[in-house]
Amino acid sequence: MSALGELRSIGTKKVKGGSKAKTENKAAYLFLLPWFLGLGVITVGPMLASLYLSFTKYTLLSPPEFIGIDNFIRMIGDERLHNSLGVTFMYVFVSVPVQLGLALALAVVLNRGLSGLSFYRSVFYLPSLLGSSVAIAVLWKQVFGGQGLVNVLLGFFGIEGRGWISDPSTALSTLIILNVWTFGAPMVIFLAGLRQIPQMYLEAAEVDGATKWQRFFRVVLPLLTPIIFFNLVLQIIHAFQSFTQAFIISGGTGGPADSTLFYTLYLYNRGFANFDMGYAAAMAWFLLVIIGIFTAINFWASKYWVFYDD
Amino acid sequence: MTDTQTRTSAATEAILVSRRAVDPNWRKLAARRARGRSRPKALLKHALLIVTGLLMLYPVLWLVVSSLRPTDEIFRNPGLVISNLEFSNYTDGWTTLSSPFSVFLLNSVLVVLGCIVGNLVSCSMAAYAFARLNFSGKKWWFVIMLTTIMLPIHVIIVPQYILFSQLGWVNTFIPLILPKILATDAFFVFLMVQFIRGIPRELDEAARLDGCGHPRIFAQVILPLMVPALATTAIFTFIWTWNDFFSQLLYLTKPEMYTVPLALRAFMDATSSTSWGPLFAMSVVSLVPIFLVFLFGQRFLIAGISTTGGK
């Protein structure tokens, strides 16, 4: 079961308790000691500190100065921030559906008892491991550069290319392509999900005269919706936080003309290049709220399209 | 499987059996279908998959091939055939920055090892508690643990950076490794919880009857049985830490402390159009460990993301 499935079922499940529970508290807290420390010192503490800082002006040089909701008011009028949100939304809502669609399509093709499954799976999965590295971003910068690989290839067909990365209208697309390129990880998850569909259901549908397409759309797809949902939630959260590739390809600026200025990149620039820590903290909390809202929408909408077979 | 599900599948099975009895061709038909329809169609599928695979790997293969070519050829030759092997990119690239590339590799290895050990120890301990022990508030701690998987790092990074920099930990590996020692990679806790749940409880009970306390049950019964989950954790930690850029960018600012991703970035910023060859060569060097881990740890990677859906 996935982490999401776990969360879903927790509401309905009773956790065992009783007389034995007391005797194990000490042992449990000992085993959880590192985790509790981490939760306090690394996660929740900084989260709350970050919430406080978002109401302050803080440049690291002098102590934080409380300024109320000024940072948030500044955010409303910050054009670069609006632009960075637009860039991020575009990236998330184009690359994730395309990536998942491709992942699902290939998983379905691979699942049809084709020989060489594990070989293909490896080939398609490898980019997922490489995709977030600086090395691949370096490669992308060359491949989509003015004299890069793509333009050399286009040249063979007599097509005049352009500097895909230096042109503001196409720079973001190269990053979207990079994210789509890493469809292997969700594909493996889809494959695992497809394996769990009882063969019996498909046989029953076949005996009842369902065509290939009917079997896919009426049996396979509904049974796969929890996995699609899981992939969707995770990939959206993940894509909202993309940073490295845009940073490398734009040399840390989010250029050209802010066209690859991801929200996280702008946050980094405000906080760690301009040392505008209070503003960065406010931006970070706003990001958390955005991700929270989209995750909540996803969960709410899942009632209408996700089918749980239990 | 729930009760209703068992019943419906039993019913389906009964229907199937009766149909099979009626139609003698059923088995033959099903077998042919299972083989993937006709031969040309399967061939077409293979061709399509191979083309897609090649298309995906082509940029990476080209990177490797190009790193063995003179720089001016990189910008005109899209082919994958090397006419004259050229290793000078590697020797040049190794020494382009202020320290030789081996320094950055060593730094990355140290960070990665620290993170692996930290994750293995702390996450397995937490997982044991969540999977096997009863304690007050367990349900809610577990929910909190699962929620932190989805928490963006940005919401904690500003105060964390302030804290670590005031402790004088900038330009040390502590800010990168300490969070792992404190089990903040909840993803792995969850992965291990799932795994431990699959280990028969009778084994714990037997050990308990023999007088073992929880530390011994954990160390001598559970840990040896959860080696696959530990391997998955080690491998994912390796890849994620090796590729990690954001936190290393924040905490490591001195060139001699640079890890491989930071070195590559510095290399690229210093690169004029003439030294793409050495840059490509060092990019390849930085990908080799990932590729090796992928090659030898594939089984654990696939199992890991199949059960928990990591990336």
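Biologist: Hi! How many residues does the contact take from chain A and from chain B?

Modeller: The contact takes 88 residues from chain A and 79 residues from chain B; two residues are in contact if their C-beta atoms, placed from the backbone, lie within 7 Å. This is a predicted model, where local features need pLDDT of at least 70, side-chain atom pairs count only at pLDDT 80 or more, and totals for chains, interfaces and linings use all residues. Residues are numbered from 1 along each chain as its sequence is written, while chains are lettered from A and ligands numbered from 1 in the order in which they are written.

Biologist: Which helix gives the most to the side of chain A that touches chain B?

Modeller: On that side, helix α3 (residues 33-53) of chain A gives the most, with 12 residues. Helices here are DSSP runs of H or I with at least four residues, numbered from the N terminus.

Biologist: And how do the residues on that side divide?

Modeller: The side of chain A that touches chain B has 60 nonpolar, 21 polar and seven charged residues. Ala, Val, Leu, Ile, Met, Phe, Trp, Tyr, Cys and Pro count as nonpolar, Asp, Glu, Lys and Arg as charged, and the others, Gly among them, as polar.

Biologist: What ipTM does the predictor give the complex?

Modeller: The predictor gives an ipTM of 0.90, along with a pTM of 0.88. For chain B the mean pLDDT is 86, and 85% of its residues reach 70 or more; pLDDT is the predictor's confidence in each residue, from 0 to 100.

Biologist: Where in chain B is the pLDDT below 50?

Modeller: That is over residues 1-24 of chain B, a stretch with 15 contacts in the model beyond near neighbours in sequence.

Biologist: New topic! Which residues does a cis peptide bond join?

Modeller: A:Gly255 and A:Pro256, with omega at about -5°. A:Pro256 lies in the loop between α13 (244-249) and α14 (263-273) of chain A.

Biologist: What about A:Ala257: buried, exposed or partly exposed?

Modeller: A:Ala257 is partly exposed, because it has 13 other C-beta atoms within 10 Å. A residue is buried if 20 or more other C-beta atoms lie within 10 Å of its own, exposed if 12 or fewer, and partly exposed in between, with C-beta atoms placed from the backbone. A:Ala257 also has a positive phi of about 50° although it is not a glycine.

Biologist: And what is the phi of A:Asp258?

Modeller: A:Asp258 has a positive phi of about 60°, and it is not a glycine either. A:Asp258 is in the loop between α13 and α14 of chain A, and is partly exposed, with 19 other C-beta atoms within 10 Å.

Terms used
Helices (H or I, at least four residues) and strands (E, at least two) are DSSP runs, numbered from the N terminus.
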